[in-house]
Amino acid sequence: MPEFDHIKVEPTSGVLGAEVSGVDLAHVDDAHFEEIYRAWLEYQVLFFRDQRLDPGQQTQLAARFGELDVYPFMEPLPGYPHVIPIVKEKHTRSNFGGGWHSDMSYTERPPKATMLYAVEVPTHGGDTLFASMTAAYEALSAGMQQMIGGLRAVFSATKVHGASGYYQNADHPMAMKKNEAQESARFLHPVVRTHPETGRKGLFLDAPHVDRFENMRTSESLPLMNFLCEHATSPQFTTRFRWRAGSLAIWDNRSVQHYALNDYPGQRREMRRITMKGDVPA
Ligand code: SIN
């Protein structure tokens, strides 16, 4: 277990996730930040409780993890170009992020990290699930690891943001914005990527954003894609976070998938999200 002098770190499962205490995220000195960053690389997703962050303070904190990114399909909070509001109203049925995925994996440089802060949460429900793609990769047989080692997949936003995609048909209260260039873009990423900081290999493919494998038809790709996506999100590779107002999570989007549960009909949930720029997966 890694050692920390300034923060308390309690793992939330045997594979990923840790709750961190002993820090006020509005005022993080360098010594605390160094440990937080180290814990983040180790545990892949960190959770903090009882924080009070306005959008400006959240932006400043996020910028310490990396250069800030912009979400292509939603209007940000006025005055905060990097902060997107993720809101489900009492009367809406569909939610945002309600399926296993990696954020913006359909871009050329998918984000390194995502930071999510809870403003208002339901009395029960609305948890987020996280899955470790490194644990999922390491659990595959040597033969499967070898077979998928050189495989690349075609990523796009079409299934989710395209003309007949999920968000076009959702009864969604959020200001989703059209972005035709991003909708029609296609990028090839390796199905097994090496984490640029830890050197660990992990699976990199998420069902909502992957169309098929390179040089293969969709029908040829689907059986293996389905197997890998199901395997990657098996319960033994996951942890689950129950939000309270003032909770904050930051996950490593290079090695984690997540799933926002939609199990709180009639209740409101409001979060603020910031993503940090990543590199081209390799
Ligand atoms: C997301 O997919 O980024 C949203 C996660 C959540 O609201 O729990």
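**Salt bridges in a predicted model: close-up legends**

**View 1. Asp30 pairs with Arg64 in a salt bridge, with 3.0 Å between the closest N and O atoms.** A salt bridge here is a side-chain nitrogen of Lys or Arg within 4 Å of a carboxyl oxygen of Asp or Glu. Asp30 sits in helix H1 (residues 30-43) and Arg64 in helix H2, 34 residues apart; helices (H or I, at least four residues) and strands (E, at least two) are DSSP runs, numbered from the N terminus. Asp30 is exposed, at 60% relative accessible area, while Arg64 is partly exposed, at 31%. Buried means under 20% relative accessible area, exposed over 50%, partly exposed in between (1.4 Å probe, protein chains only). The model is predicted: local features need pLDDT of at least 70, side-chain atom pairs count only at pLDDT 80 or more, and totals for chains, interfaces and linings use all residues. Residues are numbered from 1 along each chain as its sequence is written, and side-chain values use heavy atoms, without hydrogens and water.

**View 2. Glu19 forms a salt bridge with Arg49, the closest N and O atoms being 3.4 Å apart.** Glu19 belongs to strand S2 (residues 18-21) and Arg49 to the loop between strand S3 (45-48) and helix H2 (55-65), so the pair ties together parts 30 residues apart in sequence. Glu19 is partly exposed at 25% relative accessibility; Arg49 is buried at 17%.

**View 3. Arg268 forms a salt bridge with Glu89, the closest N and O atoms being 2.9 Å apart.** Glu89 is partly exposed, with a relative accessible area of 24%. A network of salt bridges links Glu89, Glu120, Arg268 and Glu270.
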